[in-house]
Amino acid sequence: MGSSTVIANLARNLHELDQDVLVIDLKSNNLLRLHFNMDWCNPNGWALNVINDQPWFNAGFKCEFGISFMPFGRITYENKQCLFNEKIENNWLSNQLSMANFSDKKWIILNVESELNNLSIQALNYADKIIRVIEPQATCLGQFYDSIQSNYLSNNPSLHDKCLYLINKMMPLSELDHEMSLVFKSLIPNQLIPVKIHFDENIKEAFAQKTTVNIYAPNSGTAKQFRTLATWLMLHFSHKGAA
């Protein structure tokens, strides 16, 4: 659905609005790092540190445009099984973040795996808000009703109530996309973020340049939509009294 792209561009815009941002990639595909100009051949990441019994925060670095970022890292299938079955214990994530003693004003953005595992469940429970990225497509509507993650969230009131939904990859000239967006609006009127991110070739080209659309094409329509999204979230959290 493009959640990693959304996170990278959102983080960039929050930083431009003078917000203190930390992005942590919890996805084992390890692709979010490419939005932050990390070298393709660099295998480092927090997961590799945990596997090797090293401090996980040593894997963090600051991007050239000021965002603090922790990549997942490149690990083998065997190491992944070890990570989730042996190294990541209950409450591991909240304990690690609590020990870091972050400021209440710091944005901690977690890129969460859609697969439900020990780590992703911890992240969902830890988060102040869960932003689910959706596309205005019939297939996404099916997943909205029938996916394991959807059922898990809907059956847990504390998780369901903190979900927000963001429409991404909308084709502005597609009548079907507009109709599907109205369907989602009717289903989740109080949880749908009133900002839509349109499909834009600039996003793909920015990723190929290992950066965000805000840097690659700052005057594009999509770049402006990400700025609007960042501003809306700042106002939303300020109104809710959450960091």
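Is Asn90 exposed or buried? I looked this up first, in a predicted model where local features need pLDDT of at least 70, side-chain atom pairs count only at pLDDT 80 or more, and totals for chains, interfaces and linings use all residues. Residues are numbered from 1 along each chain as its sequence is written, and side-chain values use heavy atoms, with hydrogens and water left out.

**Asn90**

I found Asn90 to be exposed, because its relative accessibility is 64% (exposed is over 50%, buried under 20%, partly exposed in between, with a 1.4 Å probe and protein chains only). I placed Asn90 in the loop between α3 (77–87) and α4 (92–100); helices are DSSP runs of H or I with at least four residues, strands are runs of E with at least two, and both are numbered from the N terminus. Setting aside neighbours within four places in sequence, I noted that Asn90 contacts Asn95, Asn118 and Gln122 (heavy atoms within 4.5 Å). I also checked Pro136, 46 residues from Asn90 along the chain, and their C-alpha atoms are 35 Å apart.

**The whole protein**

I counted 12 helices and seven strands. Of the 243 residues, 48% are buried. I then looked at contacts between residues at least 6 apart in sequence, and 76% of these join residues at least 24 apart. For the overall dimensions, I noted a C-alpha box of roughly 50 × 40 × 35 Å along the principal axes.
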